[in-house]
Structures are given as structure tokens and as C-alpha cells.
Amino acid sequence: MAHRHTVARHGAALTVLGALVLGAIPSAEAADPEPSAGSTATAAQTLGADKPSQQLLLALERDLKLTAAQARERLVNEAEAGTRAGRLRNALGERFAGAWLRGPVAAELTVATTSADDVAAIEAEGAKPVVVKNTLAALRAVKARLDSTDILYDTRNTPLWYVDVPGNRVVLEAADKASGDAFVLAAGLRPEQVAIRVTGNRPRLFENITGGDAFYIDNAARCSIGFSVTKDQQQGFVTAGHCGKQGSKTTGFNKADQGTFQASVFPGKDMAWVAANADWTARPEVKAEGDQKVQVAGSVEALVGASVCRSGSTTGWHCGTVEQHEVSVSYAEGTVDGLTQTTVCAEPGDSGGPYVAGVQAQGVTSGGSGDCTNGGTTFYQPVNPILSDFALILKTASQQAAPAPQDGTAADAWKSGRVYEVGATVTVAGVRYQCLQRHQAQGSWAPEATPALWQRL
């Protein structure tokens, strides 16, 4: 069963799939895959990028046209670049204007700033500096004006808007120039603040506990499982919000009773979670090629330009790259904010399925355009907001209990299971740390042991 809305994007029909790096100079850390006794793990080791599964490598080779060596190199570069970008983002503060990866093996990390005085600091981190006009905060403020206007405005002819970080601009995709101009005017913005891209397509929804497996909603629509989670002692999984409403019943791929939607948000966001019954065991796995499995190790957010792979119950395992974060998509059913746009293909029934970057969970399939024969564009709902909003814990392959707090009940004490944003600060044993990459804290990822994620102040 399929609902379709369309959005324009490079001439391909976008669809919401519903029910259904680093500077060219590699770091010294990245070159040494095995730390010596007592040393601190590199970013690649912390995030599991140094030991990718064969299924992940094969999919990257096929979909990104890489050799096996290039696929391995790309994963390490992406992991190391995230840490470098986080350090620079915190150092530049309000002058920061974004970071992204380029090149077949993500060998080039570009960091943008609004001040030429930052060039030397960016180059010192092995990144390519770009001096631009607009800060990332300023661009997000412009996009926020469009977001707030959408509530009262008919966006059928202006279905997609986002911050184009490499372009240092806000982009609005519209059926025609006049519709785009009218939306910008209604938001109280000046024409030069928003670039309008004319396109003929619109995103649509596809209505139809291992990530990627099929499940059925109220014996009618079909979606795909996202990631296994727990809440207190309750096991379950996350998926797309448009797959089902709170209280909807689910059955598994084998049509056996499975669980109940505990919470669901759509539109606005596209997130939901299902509590499974005692017959189902949540596994920290995502189905890959040929029913092989990829073990999920965490939820560290990938940069623009990083590779991502998706699993779904219709089309299986496919890979591509991240194009934009924080995209707003206006579906026929309503607008969803905060999505991530990718080059990965998908089809009806893939909705809710998981996206991973290496072994790091990224999000669940929302919608897109095209298909897996001719290629396409898809959007995913990032997983960290789902975990945070619903107070869920991502199931990971090396789940460990959190170490005992070393700062009593301090309000800023680090806590396993909390989702941390870039720039957040915590105190451990009297030492202050600042977050470098958005992630849900794992028990084994205490700040003092993970410089890939935390910087000591």
C-alpha cells in the first residue's frame, strides 16, 4: 500500500519511504590500527571504522565504485575527520560555517569560517579552509523563518528547504520561481537570503528485531525495522513515525504478533518506537547483503559527504553519501524538519529501515524519490533525536554498564545513555570536557577515554 508525494531534486521524484574526512594528510593515529598498551584509542577504533564487516565493504565497493582498499581508507578517514571537525567547530565558535568531506576516499575535510584569521588553525588540523560570508548559525536562523512560516502557508509547490553547507546558503526547492518567491516573501525574508531551485518533483510517503526486516502495522501496511532499543527493561525498535500511530499493533516478518507503537510523531518529525513482546529479542544488528549482519556500535553523527548504507525490506542493502543535514521536507501529509538527505536509493516498504555510517547508527528511512533501478534520493530521520525525545537506549554490540559517576550528582556530570550535542560540556573527576561529535553516550565511551568524541578543556 503506497502513499506518494513528490519533491523536486535534480530531476528525480523524492519520496518519504514510510510504512514500509579528513584533510589529505591522514593523522598519525589513523595510520596505527592497533594502539599500544595503555594508549588511547583513535577515532577510527572508537567508532569501529578500523574493522568494517565484509558486507559493508562490498556494498561500498558496488555503490560508490571503490576498491576494497579505498572502502577501508574511506571509513577511517570519515571517522578521523569527524573528530577534527568537532575540535574546529568548538574552537571557531560563532564563526564556524560548516564542515564537509570530498573525494572518493573522503580524503579532504573542508571547514568553513567567516574570518580569514582562522585559516591557519584550520590548516593545522589537516583541513582545507574556506572563508565565507554566512555563519552556520545565521543560515539556520534563515531556515527557521521558513520552518515557522510553513505552519500557516500552503507548501505544495515549495516542498523542500535546507541549509546547503558547502554552498553557504539556504536553498528552497519549488515547482516554479513564483511559488518560491512567494514563500520567501511570506517568511519575511529578502530574495537574496534564499536560493530558489526550480524542480518538478515532490517527495511522497511509501505506505505499505533486526534492522531492515519487514514488519506489518494493523495487518495492513508494511514498513522496515530501524534499530533495536531498550527503555528500562522493555525491548523494542525505532522506525518512521508515518508507519503507525500510538497504539497500533505490529506483527513481524513471519506475521507473528510482535508489539505495539508506544509513541509516534508525524508530521513535524518522522519518528516512532515499538515495544516488542516477550517472544522477540532486540539485537544490535542491521541486515546487510545476503542476510549477513552489521553490528551497531553507537550513534555518532556522520559529516556531509560521508558514506552511508541503508537496509530495507523491499530493496535490501544499498549505499550512498550524505548530501545535507537538517533538511525540511513538505509532504502531502505535512512538513518534516531535521531530516538528512542522501544519494541512497529506496522504494516503498523500505520506510523506517536503518541507515548506518560504518557501524554507527544514523537514522531511519523517511522518504525520497527514484528507485533502486535508476537511482534516487532519500531522506532519513536522524536517530539521536529519536533516542533523546523518547528516552531510549540504542542497543549496541558492546553494551556495557556505565562507570560509576565520579562527580556525585553534579548537574553536568557525564551520563551513559544521554545524547550529547557538539559543544556540550561535562565534568568527570573534576576535569571539564567538551563534546566534538553528536552521539548517545555508551558505557565504554567515558570522556577521558574517547578523544574522538570529547576534548579536554
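Where does Pro267 lie? Pro267 sits in the loop between strand E15 (257-265) and strand E16 (271-276). The model is predicted. The peptide bond that leads from Phe266 into Pro267 is cis. Its omega is near 0°. Most peptide bonds are trans.

**Backbone with positive phi**

Most residues other than glycine have a negative phi. Lys65 has a positive one, near 60°. Lys65 belongs to the loop between helix H3 (54-64) and helix H4 (68-92). Asp232 is not a glycine either, and its phi is positive at about 55°. Asp232 falls in the loop between strand E12 (228-231) and strand E13 (234-239).

Are these two side chains buried or exposed? Lys65 is exposed, with a relative accessible area of 68%. Asp232 is exposed too, at 73% relative accessibility. The cut-off for exposed is over 50%, so both values qualify.

**The largest cavity**

Rolling a probe the size of a water molecule over the atoms shows where empty space is left. The largest cavity has a volume of about 170 Å³. It is lined by 17 residues. Closest to the centre of this cavity are Leu47, Glu78, Ala79, Ala357 and Gln360. Two elements, H4 and strand E23 (360-371), each give two or more residues to the lining.

Which element gives the largest share of that lining? H4 does, with four residues. What is the lining made of by class? Ten residues are nonpolar, five are polar and two are charged.

**Aromatic pairs**

How many aromatic pairs does a search of the whole structure find? The search finds eight. Two of them are set out here.

| Pair | Centre to centre | Angle between planes | Type |
|---|---|---|---|
| Tyr153 and Phe183 | 4.9 Å | 10° | stacked |
| Phe215 and Phe237 | 5.0 Å | 65° | edge-to-face |

Take Tyr153 and Phe183. Tyr153 lies in the loop between helix H6 (136-150) and strand E7 (160-164), and Phe183 lies in helix H7 (residues 177-186). The pair therefore ties together parts that are 30 residues apart in sequence. Tyr153 is partly exposed, at 26% relative accessibility. Phe183 is buried, with a relative accessible area of 0%. Ring pairs also bring in Trp161, and Tyr153, Trp161 and Phe183 form a cluster.

Now Phe215 and Phe237. The planes of these rings stand at 65°, so the pair counts as edge-to-face. Phe215 is in strand E10 (residues 214-217) and Phe237 is in strand E13. The two residues are 22 apart, and the pair links distant parts of the chain. Phe215 is buried, at 0% relative accessibility. Phe237 is buried as well, with a relative accessible area of 0%.

**A charge over a ring**

Which ring does the charged end of Lys255 sit over? The ring is that of Tyr216. The charged end of Lys255 is 4.5 Å from the centre of the Tyr216 ring.

Methods. Residues are numbered from 1 along each chain as its sequence is written. This is a predicted model: local features need pLDDT of at least 70, side-chain atom pairs count only at pLDDT 80 or more; totals for chains, interfaces and linings use all residues. Side-chain values use heavy atoms; hydrogens and water are left out. Buried means under 20% relative accessible area, exposed over 50%, partly exposed in between (1.4 Å probe, protein chains only). On a 1 Å grid over the protein atoms alone, a cavity is a set of points where a 1.4 Å probe fits but cannot get out, and a pocket is an open set with protein on both sides within 12 Å along at least five of seven lines; lining residues have an atom within 4 Å of a point. Grid points are joined across faces, edges and corners, and a volume is the space filled by probe spheres set on the points. Ala, Val, Leu, Ile, Met, Phe, Trp, Tyr, Cys and Pro count as nonpolar, Asp, Glu, Lys and Arg as charged, and the others, Gly among them, as polar. Rings of Phe, Tyr and Trp (its six-membered ring) pair if their centres lie within 6.5 Å; planes under 30 degrees apart count as stacked, over 60 as edge-to-face and the rest as tilted. A charge sits over a ring if NZ of Lys or CZ of Arg is within 6 Å of the ring centre and within 35 degrees of the ring normal.
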